[in-house]
Amino acid sequence: MNLLTQNGKIKKTAKYFDVKLFNFSIPAYKSKNGEITCPMADKCIKFCYAQKGMYKFSSKWSEIKFELTKQNNFIDLMNKEIKSKKAEFVRVHDSGDYYSTDYLNKWLQIAKDNPKVKFYSYTNSISWVKSLIEFDLIPSNFDFIFSDSGKESHLINKELDRHTKIFGSEKALKKANYKDSSKYDLYATKWYNKSNNVGLIFH
């Protein structure tokens, strides 16, 4: 099966920037067995786009991928997939989040194993990521964007941390001096957005 795929936004972004960009998905918020995949989620549960539309049709594959993340060979499987797809950018989780520190560390190892590939993800697991930043354990080819609607949003330093803010309109987003990443996902990252302000328009 394809571990790395492209949802509509990722495909559009890849074409716009002319790069090989893929995403990795696990179930949004919880698996079919009730295992929580977004432990720090809060307000975002109510409006999570990944629990709607086409994501429901692809839920079978997200469940399979979720089970694979628990396996000891997940890192090897992902390294092979990245090389096979010749990926240049990987968005970790267009649905789901880091459900444990062990799982988070697997992705950091994957990034270290693929230093020429750029990885990024939106996350509500802010305390886990910040503890890694404190000890300089995040490779330079991995970028985290803190989501502002989870249980740990109070930990975000909006002057220093790359973070999201959801707006009701493009006009409000621009007025607040945020970079719009609603259409093109890579504008959320440090490679295409020099500020820490990542704006998303509610949909």
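Start with the whole chain: among contacts (heavy atoms within 4.5 Å) with a separation of 6 or more, residues 24 or more positions apart account for 69%. The model is predicted, so local features need pLDDT of at least 70 and side-chain atom pairs count only at pLDDT 80 or more, while totals for chains, interfaces and linings use all residues. Residues are numbered from 1 along each chain as its sequence is written, and side-chain values use heavy atoms, with hydrogens and water left out.

**Whole protein**

Show the C-alpha trace. Along the principal axes, the C-alpha atoms fill a box of roughly 45 × 35 × 35 Å.

Switch to cartoon. There are eight helices and seven strands. These are DSSP runs, numbered from the N terminus: helices are H or I with at least four residues, strands are E with at least two.

The accessible area is about 10700 Å², and 53% of it belongs to carbon and sulfur atoms. Areas come from the Shrake-Rupley method with a 1.4 Å probe; for residues, only the protein chains shown count as cover. Of the 203 residues, 49% count as buried. Buried means under 20% relative accessible area, exposed means over 50%, and partly exposed lies in between.

**The largest core**

Select W107, F119 and F142. They have the most contacts inside the largest nonpolar core, which has 33 residues. Such a core is a set of buried Ala, Val, Leu, Ile, Met, Phe, Trp, Tyr and Cys residues joined through side-chain atoms within 4.5 Å. Elements that each supply at least two residues to this core include strand 1 (21–25), helix 4 (59–69), helix 5 (74–85) and strand 2 (89–95). Helix 6 (101–113), helix 7 (126–134) and strand 4 (142–146) are also among them. Helix 6 gives the most, with six residues.

Centre on W107. Beyond its neighbours within four places in sequence, W107 is in contact with F24, F74, M78, V90, V92, H93, Y98, F119 and F142. Another core, of 15 residues, lies apart from the largest one; F89, Y120, V198 and L200 are among its members.

Select strand 4. Five of its five residues are buried. F142, F144 and F146 lie on one side, D143 and I145 on the other.

Strands pair if DSSP finds at least two bridges between them. Pick Y122: its bridge partner in strand 4 is I145. Now show helix 7. With strands 3 and 4, helix 7 makes a right-handed β-α-β unit. Right-handed means that, with the strands pointing away from the viewer, the path from the first strand over the helix to the second runs clockwise.

**Three single residues**

Go to K106, in helix 6. Is this lysine buried or exposed? K106 counts as buried, at 10% relative accessibility. Leaving aside neighbours within four places in sequence, K106 is in contact with T69, K70, Q71, F74 and I75.

Next, K86, in the loop between helix 5 and strand 2. Phi is near 55°, a positive value in a residue other than glycine. K86 counts as exposed, at 57% relative accessibility.

Finish at Y29, in the loop between strand 1 and helix 2 (44–47). Phi of Y29 is near 70°, a positive value in a residue other than glycine. Y29 counts as partly exposed, at 26% relative accessibility.

Methods. Buried < 20%, exposed > 50% of the residue type's maximum accessible area, 1.4 Å probe, protein only.
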